[in-house]
Amino acid sequence: MDIAEILELADDLVFSKTGKHLDRLQKTVLKGTVQGQTYPEIAKDNGFSESHVKNVGHELWNLLSSGLGEKVTKANFKSIFKNIRSKNFSQIDSKGCQNHPTINNINIFTDKHRSHSPTQQPQQTPTQPHIDLGDAPEIFRFYDRTTELATLENWIICDRTRLIALLGISGIGKTTLSLQLIEQIKTNFDYIIYRSLRFSPTLNATLTNLLQIFPHEADIPQHIETQISQVLNYLRQHRCLIIFDDLQMLFASGQLAGQYKTGYEDYQLFFKLIAEVNHHSCLLLNTWEKPREIAKLEKSNNYVRTFVLGSLGLAAKEILKERNLSDEDTWETLIDIYQGNPLWLELTASTIEDIFAGSVSDFLQCDAPILDESLQAQLDQQFQRLTQQEILVMTQLAKEGKPVALPDILKIVELSVSDLVNAMRSLGRRLLVEGKEEEKTTFFSLNTVIKEYVKSRYMR
């Protein structure tokens, strides 16, 4: 295998496992290792400290080991990848989808290995489906999400996934990605429906709205059980793609992540039935917070999956280019600081235009990330949902200069073990805390933007 193939397979595996691509230094370590370089040589050639390169390499091998279910080291990873690559992952099945090898139920070969083969459906579907996007926003710009689109398409069209949670922090582009996905796969469906739950409609109201779209002879029933039954019948009779946006608005503020408001618990039953009842449609849920029922269902149900939408990566340079910002050699640093979040970068680029004459270099001279007031207001919406225990944990993590393990946090914060574990799990479901495993211990930290926000809001 050549270097390009190894990088491609490693990137596919890491993305399928974490929803994130290899970063630049991880790729550098892989390339250097393939070329027979030692860690000191890799560090010297690329301007990094030897200890930093070793840490990145150690983390990378652990990540690959976790994904493959076998020990991967600097010495053996080439032979392991060669064995994986030799499998017949390019065989096309009867549906026009590729039979890719799976490791621990993870499809490690994504769009690059199947994009040249058209998907075909065993059922006849119209080329012009009934599309009802309701109050969906108009897309004016779409930045490259090729891999993400291909993965979702594969899950929906080839794997017939019934329930998908598209999870991502506010501003990352979940709505835009969903609407672009519609354009890409719409000819596979009879009905495509988009609805925002931003105003917290009851399940009765939501189902009544859905039933009005389908052809019906009798009056729409009032009882929720009958409404659910009718919707499921339509999902069996027709190939449907339904997108529910802003699912987090059904969850209670001041409670642990994913707890429904009083009177909204029926949604949990509805989603469970969508996952368990046999049909050939798909419900896509866009949310800041991972629903608890999804976390349970995906462990035992192959038709339920979660996709975590992460950084735009280098595609985010288009945002800065459109703003005519200068110092292009520093753009990647800016993108990394703001997590490749399109909204965060848009707001920050506006500040750079207005205050720093468009100079990214001048902006980066500031010691800490600068949070535009609009960015702070946007983060306020998420933090207002946190419990006091979660805020206590976030405040402590913001004080730390390096990632810390759970036992170390427990020594400092005045919480019981149970309260701390529940708070950490909830923060993870909100994507506000990052965890990395090292030598069978998970270390937790905050990204630079979240850390600065916590300091400005809770520590001054």
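How do the axes of helix α16 and helix α20 cross, and within what distance do they come? I took this as my opening entry. The model I am reading is predicted.

**Entry: α16 and α20**

I looked up helix α16, residues 373-383, and helix α20, residues 448-458. Their axes come within 11 Å and cross at roughly 85°. Angles from 65 to 115 degrees count as roughly perpendicular, so α16 is roughly perpendicular to α20. Next I listed the residues that make the contact. From α16 I noted L375, Q376, L379, D380 and F383. From α20 I noted V449, I450, Y453, V454, S456, R457 and Y458. Sorted by class, this contact has eight nonpolar, two polar and two charged residues.

**Entry: α14 and α16**

I stayed with α16 and turned to its contact with helix α14, residues 342-355. The axes of α14 and α16 come within 8 Å, and they cross at roughly 150°. Over 145 degrees counts as roughly antiparallel, so that is how α14 runs relative to α16. On the α14 side I found L343, W344 and L347. On the α16 side I found S374, L375, Q378 and L379. By class I wrote down five nonpolar residues, two polar ones and no charged ones. I also marked L375 and L379 of α16, which are listed in the contact with α14 and again in the contact with α20.

**Entry: α8 and α10**

Which residues of α8 meet which residues of α10? L203, T206 and L207 are the α8 residues, and they meet D266, Y267 and F270 of α10. I then checked the geometry. Helix α8 covers residues 203-211, and helix α10 covers residues 266-276. Their axes come within 9 Å and cross at roughly 45°. That angle makes α8 oblique to α10. The contact divides into four nonpolar residues, one polar and one charged.

**Entry: the chain as a whole**

I stepped back to the chain totals. I read 20 helices and eleven strands. The chain has 460 residues, and 51% of them count as buried. Its accessible surface comes to about 21,700 Å². Carbon and sulfur atoms hold 47% of that surface. I then looked at contacts with a sequence separation of 6 or more: 72% of them are between residues 24 or more positions apart.

**Entry: cysteines**

How many disulfides does a search of the whole structure find? I got zero. C240 has a relative accessible area of 0%, so it is buried. C282 is at 3%, and therefore counts as buried too.

**Entry: positive phi**

Most residues other than glycine have a negative phi. I kept two positive cases.

N324 is not a glycine, yet its phi is positive, near 60°. I placed N324 in the loop between α12 (317-322) and α13 (331-337). Is N324 buried or exposed? With a relative accessible area of 66%, N324 is exposed.

L431 is the other entry, with a positive phi of about 65° in a residue that is not a glycine. L431 sits in the loop between α19 (417-429) and β10 (434-438). Its relative accessible area is 25%, so L431 is partly exposed.

**Entry: R305**

I found R305 in strand β8, which spans residues 304-308. R305 has a relative accessible area of 22%. Buried means under 20%, so R305 counts as partly exposed. What does R305 touch, leaving out residues up to four places away in sequence? My list reads W155, D159, T161, L163, I164, A165 and E298. I also took one C-alpha distance. R305 and L284 are 21 residues apart along the chain, and their C-alpha atoms are separated by 9.8 Å.

**Entry: Q35**

I placed Q35 in the loop between α2 (24-34) and α3 (39-46). Its relative accessibility is 53%. The cut-off for exposed is over 50%, so Q35 counts as exposed. Q35 and I3 are 32 residues apart in sequence. In space, I read 8.6 Å between Q35 and I3, C-alpha to C-alpha.

Note on methods: Residues are numbered from 1 along each chain as its sequence is written. This is a predicted model: local features need pLDDT of at least 70, side-chain atom pairs count only at pLDDT 80 or more; totals for chains, interfaces and linings use all residues. Side-chain values use heavy atoms; hydrogens and water are left out. A disulfide is a pair of cysteine sulfur atoms within 2.5 Å. Buried means under 20% relative accessible area, exposed over 50%, partly exposed in between (1.4 Å probe, protein chains only). Axes are lines fitted to C-alpha atoms, for helices over the stretch in contact, and angles run from 0 to 180 degrees between N-to-C directions. Helices (H or I, at least four residues) and strands (E, at least two) are DSSP runs, numbered from the N terminus. Angles under 35 degrees count as roughly parallel, over 145 as roughly antiparallel, 65 to 115 as roughly perpendicular and the rest as oblique. Contact means heavy atoms within 4.5 Å. Ala, Val, Leu, Ile, Met, Phe, Trp, Tyr, Cys and Pro count as nonpolar, Asp, Glu, Lys and Arg as charged, and the others, Gly among them, as polar. Accessible areas come from the Shrake-Rupley method with a 1.4 Å probe; for residues, only the protein chains shown count as cover.
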